[in-house]
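Subject: Structure handover

Hello,

Here is the structure for you to look through. My notes follow below it.

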Amino acid sequence: MEKHWWKEAVIYQIYPRSFKDSNADGIGDLKGIISQLDYLQTLGVDVLWLSPIFASPNADNGYDVSDYEAIMADFGTMQDFDELLAQVHKRHLKVILDLVVNHSSDEHRWFRQSRISKDNPYRDYYIWQPPRNGQPPNDWISFFSGSAWEFDPNTEEYYLHLFLKKQPDLNWENPRLRQEIYQMMRFWLDKGVDGFRMDVIPFLSKDTSFPPYPQGRFGDLSLYANGPRIHEFLHEMNSEVLQHYDCLTVGEGFGVSAEQANLYVGRSRQELQMIYHFDHAVPREEHRFLQPAAELSLVELKAIFDRWDEAIGQEGWQNIYFGNHDNPRVLSRFGHTGTHREASAKMLATLLLTLRGTPTIYQGDELGMTNCPFASVEEFDDVQVKNAYQALIVDTNRSHLTDTFLAAANRIARDHARTPMPWDDSAHAGFTTATQPWLKVNPNFTTINAKEAISRPDSIYHYYRQMLHLRKQHSVLVYGDYQNLTPQNPHVWAFVRNVENESVIVICHFSSEERFFSIPNFINLQQRLIGNYQTTIIRGNELQLQPYEAAVWKVKSAQDNEQDSA
Ligand code: GLC
Ligand code: CA
């Protein structure tokens, strides 16, 4: 297995709007991040992924960029960014930026030009189509409700927007546009940025005949992925830009199946280093706000990761995550938010940091943050919630379904991950000294906050530190292969990681009952490396697992066993 720093690294995702406010306007900013770099260094992560920090009118909180080479006014200045970068590098950390180039903001100067006239030199930077029989070009719908086409009366054509109408899709068919993007990527890399997380990267290439949804798949948003020229574009991006820098690249793999993964990340492909999949993400199409999908069972969750690990094999690499700014809190999905909150958060940390792939920790998960109780639709900020509410309740006069909607949003909304980071138990959790933060603070900040966690040696935060340290000491946790021992067990996920001279078993228990788990007889437990309970109770060849218990044990490897018998 080829060794690379980006395989050994652990990424920490910062949602800058919610991390730390330095100037009392209620919005997190770059100086706020700088002020917490020691916290992140002490935690022991390696790479900071910043969700978009570029100039933006914030229709989708920065995922609508109006100038790719300027800093969002709310977040500070380019000088602040340069300072951040210097401070990060001084601490031997790295920074990756969010490359949002499937679409821009409609306020980007390219789009302002593009919509002026059909012969404007920027016209072809976006995707314009004439009406078909007085209707939009096809039946595609947007991620954020309604048609994916917006009619522009000025030139009497439609432009494509897979997301908001304030997020027009860029036309990657146009080589000039592609060169502008590559130039912009070089601008950041030349500054010293260490790589990119790439927003909805499988969507860049479109079928330019714009066919309607195939029979039976109306509204299937994954069909926007893996267009005809996607690999040509990514290969070009790699040879024009990426391969000239020692940088990290992680693609948001929306719509990519396990079988397709290595087309993006296979060693020989020269496209991306890793992608992250959506197979365990919370489904959030519009109708889910009235009918949320049932949560995955542990057996289903394991099957997803087994499938991906096998598909990636020795050829590619993947990024592992359980939470990000587009999902509710992992603890509220697979852990326990009551008495076993601490144990279950540590168990989930154990899992995240021992599966095969480069892990991303989402901000606040190291404190065991939970979903936030939103009391009304107005308390949400996310445009996805707002648009879904408008479409499902307001436009259709179904106010009697408001409670149903609210209950669903309280399970699946993206805002759960976006509530401000709780730094201490003072007003607004020490996130801001403004009268109001931009989004509600989770009321449990009085007990769940960084100050409390740092002061208590057995906290979730310190467990993360130990896990991160352990990962650095045992390369088997990075390079070892993965073998699931318990695919069918409804409560336990136990797997072996194995490299030439070292093997470990990871045991994660997903329930609040006490349960026995028998160690397969080819496993010879040697030494417990870490665990979320003081000790692991062993009875014969069985472990007596406590609620949400997790442990990593060094085991005698197959090779050791052979040597013993030789
Ligand atoms: C990605 C981002 C999400 C954003 C969307 C549009 O899915 O992660 O937050 O809304 O792309 O840019
Ligand atoms: Ca601020």
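A donor here is an N, O or S atom within 3.2 Å when the metal is Ca. Keep in mind that this is a predicted model.

**Calcium site**

With that cut-off, the protein donors of the calcium ion (ligand 2) are Asp21 (OD), Asn23 (OD1), Asp25 (OD), Ile27 (O) and Asp29 (OD). They lie 2.2 to 2.3 Å from the ion. Along the chain, the donors of ligand 2 follow the spacing D-x1-N-x1-D-x1-I-x1-D. Two of these residues have their accessibility listed. Aspartate 21 counts as buried, because its relative accessibility is 6%. Asparagine 23 has 48% relative accessibility, so it counts as partly exposed.

**Cysteines**

How many disulfides does the structure hold? The count is 0.

**Nonpolar cores**

In soluble globular proteins, nonpolar side chains tend to be buried together. In this model, the largest nonpolar core has 157 residues. Which of its members touch the most other members? They are Tyr12, Phe81, Leu97, Trp172, Met185, Phe405 and Trp493. Take phenylalanine 405 from that group. Leaving out residues up to four places away in sequence, phenylalanine 405 touches Phe289, Leu290, Val377, Val385, Ala388, Tyr389, Leu392 and Ile393. There is also a second, separate core of 20 residues. Its members include Leu160, Phe163, Leu164 and Val200.

**The loop between strands 3 and 4**

Serine 66 sits in the loop between strand 3 (54-55) and strand 4 (67-71). Is serine 66 buried or exposed? Its relative accessible area is 18%, so serine 66 is buried; the limit for that class is under 20%. A polar atom of the serine 66 side chain lies 3.5 Å from the backbone nitrogen of serine 56. Apart from neighbours within four places in sequence, serine 66 is in contact with Ala55, Ser56, Pro57, Ser105, Glu107, His108 and Arg109.

Asparagine 61 is found in the loop between strand 3 and strand 4. Asparagine 61 has a positive phi of about 45°, although it is not a glycine. Its relative accessible area is 11%, so asparagine 61 is buried.

**Another positive phi**

Alanine 429 has a phi near 60°, a positive value in a residue other than glycine. Look for alanine 429 in the loop between helix 14 (415-418) and helix 15 (450-455). Alanine 429 has a relative accessible area of 0% and is therefore buried.

One open sheet has 3 strands in the order 6-8-7, with antiparallel pairing. Which are the edge strands? They are strand 6 (128-129) and strand 7 (149-152), and each pairs on one side only. Strand 6 and strand 8 (residues 157-160) pair in the antiparallel sense over 2 bridges. Tryptophan 128 stands opposite tyrosine 159 in strand 8.

Best wishes

Methods. Residues numbered from 1 in each chain as written. Chains lettered and ligands numbered in written order. Predicted model: local features only at pLDDT ≥ 70, side-chain atom pairs only at ≥ 80, totals over all residues. Heavy atoms only, no water. Disulfide = S-S within 2.5 Å. Helix = DSSP H or I, 4+ residues; strand = E, 2+ residues; numbered from the N terminus. Buried < 20%, exposed > 50% of the residue type's maximum accessible area, 1.4 Å probe, protein only. Polar contact = N/O pair within 3.5 Å; in protein donor to acceptor, adjacent residues only side chain to side chain. Contact = heavy atoms within 4.5 Å. Core = buried A, V, L, I, M, F, W, Y, C linked by side-chain atoms within 4.5 Å. Donors = N, O, S within 2.8 Å, 3.2 Å for Na, K, Ca; no water. Pairing = 2+ DSSP bridges.
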